[in-house]
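Biologist: I would like to go through this protein one question at a time. Please give the cut-offs as the terms come up.

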Amino acid sequence: MIITKTEPFTKQEVKKLRELFDVYIKTVIDVKNKICSAGADRHSESEEILLNQGSSQSDLWGGGIDLETKIIDCNSFINVRPVDNNTSNEIQEPVARKEFEDLTKYFFKAVYEK
């Protein structure tokens, strides 16, 4: 199940997002407009949703969150964009990486609450 929103995911939504991979949720975040699309099988599915909603490719970054360890990763094939000086699956630019990580913590704050 893919859920796309501008507010943090509720605990119930996180439960639904777990359905595909159980302990891992793939995310794509529009860091400029602060929109997260999560729960896809492939990052490109969430990327397409955000592009269709008017997001700019250069504002979209992919990664995910491991729900057991609460570790955020910044790794996705959609991140390979030489035109944006990103030649790796990883988000290489430190500011963009920090924005992605901070927004992931915001959208998944239910995961970090005790």
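Modeller: Buried means under 20% relative accessible area, exposed over 50%, and partly exposed in between, with a 1.4 Å probe and protein chains only. This is a predicted model, in which local features need pLDDT of at least 70, side-chain atom pairs count only at pLDDT 80 or more, and totals for chains, interfaces and linings use all residues. Residues are numbered from 1 along each chain as its sequence is written, and side-chain values use heavy atoms, with hydrogens and water left out.

Biologist: What percentage of the residues of the protein count as buried?

Modeller: The protein has 114 residues. With the cut-off of under 20% relative accessible area, the share that counts as buried is 43%.

Biologist: Among contacts between residues at least 6 apart in sequence, what percentage join residues at least 24 apart?

Modeller: Contact means heavy atoms within 4.5 Å. Among the contacts in the protein between residues at least 6 apart in sequence, the share that joins residues at least 24 apart is 56%.

Biologist: Is isoleucine 25 buried or exposed?

Modeller: Isoleucine 25 is in strand 2, residues 24-30. Not counting residues up to four places away in sequence, isoleucine 25 touches residues including Val14, Leu17, Ile65, Leu67 and Phe108. With a relative accessible area of 0%, isoleucine 25 is buried.

Biologist: Which residues does isoleucine 49 touch, not counting residues up to four places away in sequence?

Modeller: Isoleucine 49 lies in helix 2, residues 43-52, and counts as partly exposed at 27% relative accessibility. The C-alpha atoms of isoleucine 49 and phenylalanine 108 are separated by 19 Å, and the two are 59 residues apart along the chain. With residues up to four places away left out, isoleucine 49 touches Ile2, Thr4 and Ser37.

Biologist: The side chain of glutamate 13 reaches which backbone nitrogen?

Modeller: Glutamate 13 is in helix 1, residues 11-17, and is buried, with a relative accessible area of 18%. Leaving aside neighbours within four places in sequence, glutamate 13 is in contact with Ile3, Lys5 and Pro8. At 2.8 Å, its side chain reaches the backbone nitrogen of threonine 10.

Biologist: With which side chain does the side chain of arginine 81 make a polar contact?

Modeller: A polar contact is a pair of N or O atoms within 3.5 Å; within protein, one must be able to donate a hydrogen and the other to accept it, and residues adjacent in sequence count only if both atoms are side-chain atoms. Arginine 81 is in the loop between strand 5 (72-73) and helix 3 (94-107), and it is buried at a relative accessible area of 6%. A polar atom of its side chain lies 3.3 Å from the backbone oxygen of isoleucine 78. The side-chain partner, at 2.8 Å, is aspartate 84.

Biologist: What is phi of asparagine 85?

Modeller: Asparagine 85 is in the loop between strand 5 and helix 3, and counts as exposed at 67% relative accessibility. Its phi is positive in a residue other than glycine, with a value near 60°.

Biologist: Where is aspartate 22 found?

Modeller: Aspartate 22 has a positive phi, near 65°, in a residue other than glycine. At 45% relative accessibility, aspartate 22 counts as partly exposed. Its place is the loop between helix 1 and strand 2.

Biologist: Leaving aside neighbours within four places in sequence, which residues is glutamate 101 in contact with?

Modeller: Glutamate 101 is found in helix 3 and counts as partly exposed at 24% relative accessibility. With neighbours within four places in sequence left aside, glutamate 101 is in contact with Ile72 and Cys74.

Methods:
Helix = DSSP H or I, 4+ residues; strand = E, 2+ residues; numbered from the N terminus.
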